[in-house]
Amino acid sequence: MQDGNPIIEVIKEITSDQVLLYAEASGDFNPIHINKEFAEKSQFGRNIAHGMMVAATISESMSLTFGESWHHSGKVKIRFRSPAYPGDTITTSGQIQKMVLSEEGTEVKCSVLVTNQAGETIISGSSSVIISN
Amino acid sequence: MASKKTDIFSYIPDGKHSGSINYAELEIGTVVSQQKYILDRKSVQKYISAVKDTSVKPETSASNIAPPMSIAALSLRGVVNDLKIPGGTLHIGQELSFLKPVRVGMHLECVAILSSNSVRGEYRFMVVDLNVKDDLNDHVMKGKSTIMLPVDISVQ
């Protein structure tokens, strides 16, 4: 593990059914996600996926890459840059930017990015995790 | 930070909202949501199905550990409901720190405090700090959510 190494990439297709299921799981029934007529009148023109549903792929990627360390020392700071729509295929990727030794272990700082099939940025940000020395 | 427990918000578990809130009157430091919930297996499995999280391996004991983002999702659920977030509100930023693994079945308490409330142009920006503790009173997650809602629906 060293600077520049990628974190494990996660690729997923966003579906309307998945968005509805996430609304039920999260309790977020904002009509922008689940009401076609409401969304058509919005600036997006159609339903969009929940940002946190898309962001879950960052947590998945970090967990796949760093294991249980992510559960007790993971940090993430993200901006939702543009929406993901049902039908989109999103790719979540990232790269180790810096590794800092401390008494607790080694803090691994990463960049994270979620893009759609057109290469547009959906989410950008950073994440970090402390792994044992 | 001054903390004022608000009792005007009623939690509606099905996620449907009633009434409205004058967001312009919400002061910094206001506890906008305080919810206790059990991270039950059904909720966690529903969450995992929704996000199709492949990092969760059901054949191992680790499957008793909930995905960290499920804590965030369930904690935000209380905020969405208690703040009666109107349709058209956008979630524009999120910070999360996962401090302790959370086992399925754990009792959690999430307290959400308004830390910023400002208007820029036609939008109101609100930042809510999240603090989640388990039944041992240990912090399991901290976070900061930034949302943006049109001013015309935020001052009703």
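How many helices and strands does the secondary structure of chain B come to? Chain B has three helices and six strands, where helices (H or I, at least four residues) and strands (E, at least two) are DSSP runs numbered from the N terminus. Welcome to a predicted model, in which local features need pLDDT of at least 70, side-chain atom pairs count only at pLDDT 80 or more, and totals for chains, interfaces and linings use all residues. Residues are numbered from 1 along each chain as its sequence is written, while chains are lettered from A and ligands numbered from 1 in the order in which they are written.

**The two chains**

- Along its sequence, chain B reads β-β-α-α-β-β-β-β-α.
- Of the 156 residues in chain B, 36% are buried (20 or more other C-beta atoms within 10 Å of the residue's own, with C-beta atoms placed from the backbone).
- Chain A has five helices and five strands, and from the N terminus on they run β-α-α-α-α-α-β-β-β-β.
- Buried residues make up 44% of the 133 residues in chain A, and the C-alpha atoms of this chain fill a box of roughly 55 × 30 × 20 Å along the principal axes.

**Where the chains meet**

- Chain A brings 35 residues to the contact and chain B brings 37; two residues are in contact if their C-beta atoms, placed from the backbone, lie within 7 Å.
- Helix 4 of chain A supplies nine residues, the largest share of the side of chain A that touches chain B.
- That side of chain A has 16 nonpolar, eleven polar and eight charged residues (Ala, Val, Leu, Ile, Met, Phe, Trp, Tyr, Cys and Pro count as nonpolar, Asp, Glu, Lys and Arg as charged, and the others, Gly among them, as polar).

**Strands across the interface**

- Strand 2 of chain A runs antiparallel to strand 3 (residues 90–98) of chain B, and five bridges join them; strands pair if DSSP finds at least two bridges between them.
- Ile78(A) has Gln94(B), in strand 3 of chain B, as its bridge partner.

**Helices across the interface**

- Helix 4 of chain A and helix 2 (residues 68–82) of chain B have axes that come within 9 Å and cross at roughly 155 degrees (axes are lines fitted to C-alpha atoms, for helices over the stretch in contact, and angles run from 0 to 180 degrees between N-to-C directions).
- Therefore helix 4 of chain A is roughly antiparallel to helix 2 of chain B, a label for angles over 145 degrees.
- Among the residues that meet here are Met52(A) and Ala55(A) from helix 4 of chain A, and Met69(B) and Leu76(B) from helix 2 of chain B.
- By class, this helix contact has eight nonpolar, one polar and no charged residues.

Terms used
Parallel < 35°, antiparallel > 145°, perpendicular 65-115°, else oblique. Buried ≥ 20, exposed ≤ 12 C-beta atoms within 10 Å, placed from the backbone.
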